[in-house]
Amino acid sequence: MAPDPSANDQYRLMAAAELHALLDAAVDAIVVIDDRGRVTTFNKAAERMFGYAAADMIGQNISILMGEPDRTQHDAHIERYKATGEARIIGIGREVQARRANGEIFPIALSVGEARDAGGRRFVGILRDLSSERAAEQQTRSLEARLAHVGRFNLMGEMAAGIAHEINQPLSAIATYAQAAKRIMDHAQPNMATLREICTKIDDQARRAGQVIENLRKFIRKQEISTQSLDVNRVVRDVMNLIEADAHAEGIPVRVEAAEGLPSVRADAVQLQQVLLNLTRNSVDAMRGGLAKDRGITIATQRNERGGVRITVTDHGHGVSRQLGDNIFHPFVTTKREGLGVGLAISRTIVQSYDGSLTYTDNPVGGAIFSIDLPAERESSAA
Amino acid sequence: MKAAGPLVYLVDDDDAVRDSLGLLLRSIGLDCELHASGLDFLDHYDPKRHSCLVADIRMPGLSGLELQQRLNELKSEIPIIFITGHGDVPMAVNAMKAGAADFIQKPFRDQDLIDRIHKALETDRQRRSARAEEDTIRERLALLTPRETEVMQRVVRGQANKVIAMDLGVSQRTVELHRARVMRKLKMRSLAELVHAVDRISVAPRPADTESP
């Protein structure tokens, strides 16, 4: 049977409708241009992605959708491809910068295909918005940076002990040299050469001690602290994965009781997280192997009596002995066999630098409660 | 040959601390030998020498406590004074339990250290002279005949001459003669002295000669 010309036309119309439906249903943006860079097709996803209506885009040069340097070079690219057949992107695909109607530049994955027919050359571009993917990567990177920072915080504890030792050695040598010198001076005929030598050695050791302190200063200078306006619940949420990693390894559950509608506080988020991490690590250490492990650790936020915010870390460990009391906040005081006794001292210093306080109370059912109190951020100071 | 005086072994990994302590001890006429590590000290340690050991409790490589353990294994009785830093008290307690003579916490006064060293050297001297006396008693006991040894052991256990004579089937006079020879060979002047001497040997076996079971 010979094909009916009208039926053929109908078939074409149907195919065009199908194509349209297909293009508009596509999740990715699809844009077709002719061999002079003019848009011939602009699907619904492309409209959503760029914020242009298809009607406005048809006939426009595709380059308005591009970020630099492609925006100004695109026409030349097409001419070069037509002349040499050397493809830079066709059949390859890559990540490029695109430009929305509102001027925002964002990353996309672009792949381009080529169609040739009687009407000439067409280029079909399929575009995927990468901005949310990039944002997630960015967040991962910043989390990594924070983790590294937390690592450095632990290092600070080790450093504090190291510094005590590093300074004690030369000081102890200086004292002993001086005492030896005094005893030599008491000899009937003191050996002046020896005394001179001892003085040089004392000088050397004093410099050695000074160097240790200088290195410490340099280290501290590196960590510049700026405070931001913070939502403590968010701070707690952001450090939970680290806290849980510690606690769950010991089979200790961690509960969060976050109060709603708390005022914001001014602090450094990473530092505050380090303080929380330090407190919960202490809790984990205190509960390790204990009978009340199942009762877990509770991190709670609430409004305090002064209108500020209180974060409490409550555990069911061995608590702090009465005789130790507030001394646990002093440097080098510890109940841990392996501990150095600097964690709480540093934590309290950090909290106090925000005009806050870090205090200890006994948990009435056994264990420890550490409370961080921070003043509410004053509206005027935010200006 | 002139007998060597007491020696202080000084072990500290910190060059300046070790050097300054050496100067201090030499300034008051004490002989000392400096070592940067426990192993270096063990290589040069002479157990026959009247000495004491001053060592930092915290050292890389062989720690103070490990060094003490090695010395205990060698059955050395050298008195040890550990130098400790802040917060090393639990370590020092363990060291004392393992037989260390003393410990001194940094920072310390020179006189304090010197006093402790003199005390440790005195302990070492007394131990050495006690060991020497025990050695003399052992040497003398070896001179006794089997029969004299038998009589000596019964005397020490508190048996009367008459009982010993009956048990051994000899006259009381013979027992008295054996007994007199025992006293003469051991150079003992009284029964009390004999009992004390024999008692000492049996409760304090010579450390270096103790046979493993």
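**Confidence**

The model is predicted. It scores ipTM 0.71 and pTM 0.46. Chain B has an average pLDDT of 86, and 92% of its residues score at least 70. Where pLDDT is low, the predicted coordinates should not be read in detail.

**The sheet of chain B**

Chain B contains an open sheet of 5 strands with parallel pairing, in the order β2-β1-β3-β4-β5. Its edges are formed by β2 (31-35) and β5 (102-105) of chain B; each has a single partner strand, so one side of each is left without a neighbour in the sheet. Direction ignored, neighbouring strands are turned by 20° against each other on average.

Strand β1 (residues 7-11) of chain B pairs with β2(B) in the parallel sense over 5 bridges. Leu10(B) has Leu34(B) as its bridge partner in β2(B).

| Helix | Strands touched (chain B) | Angle between directions |
|---|---|---|
| α1(B) | β1 and β2 | about 175° with β2(B) |
| α5(B) (residues 110-141) | β1, β3 (51-56), β4 (80-84) and β5 | about 135° with β3(B) |

**Nonpolar cores**

The largest nonpolar core has 42 residues, and Ile81(B) and Phe82(B) have the most contacts inside it. Helix α1 (residues 15-27) of chain B supplies the largest share of this core, 6 residues. Beyond its neighbours within four places in sequence, Phe82(B) is in contact with Ala55(B), Ile57(B), Gly64(B), Ala92(B), Ala95(B), Ala100(B) and Phe103(B). Another core lies apart from it and has 34 residues, including Val236(A), Ala267(A), Val320(A) and Phe370(A).

**A crossing pair of helices**

Two packed helices are described by the angle between their axes and the distance between the axes. The axes of helix α6 (residues 146-156) and helix α8 (residues 172-185), both of chain B, come within 9 Å and cross at roughly 90°. The helix α6(B) is therefore roughly perpendicular to α8(B). On the α6(B) side, the contact is made by Arg147(B), Glu148(B), Val151(B), Met152(B) and Val155(B). From α8(B), the contributing residues are Val175(B), His178(B), Arg179(B), Arg181(B) and Val182(B).

Key:
Residues numbered from 1 in each chain as written. Chains lettered and ligands numbered in written order. Predicted model: local features only at pLDDT ≥ 70, side-chain atom pairs only at ≥ 80, totals over all residues. Core = buried A, V, L, I, M, F, W, Y, C linked by C-beta atoms within 7 Å. Buried ≥ 20, exposed ≤ 12 C-beta atoms within 10 Å, placed from the backbone. Helix = DSSP H or I, 4+ residues; strand = E, 2+ residues; numbered from the N terminus. Contact = placed C-beta atoms within 7 Å. Pairing = 2+ DSSP bridges. Axes fitted to C-alpha atoms, helices over the stretch in contact; angles between N-to-C directions. pLDDT = per-residue confidence, 0-100. Parallel < 35°, antiparallel > 145°, perpendicular 65-115°, else oblique.
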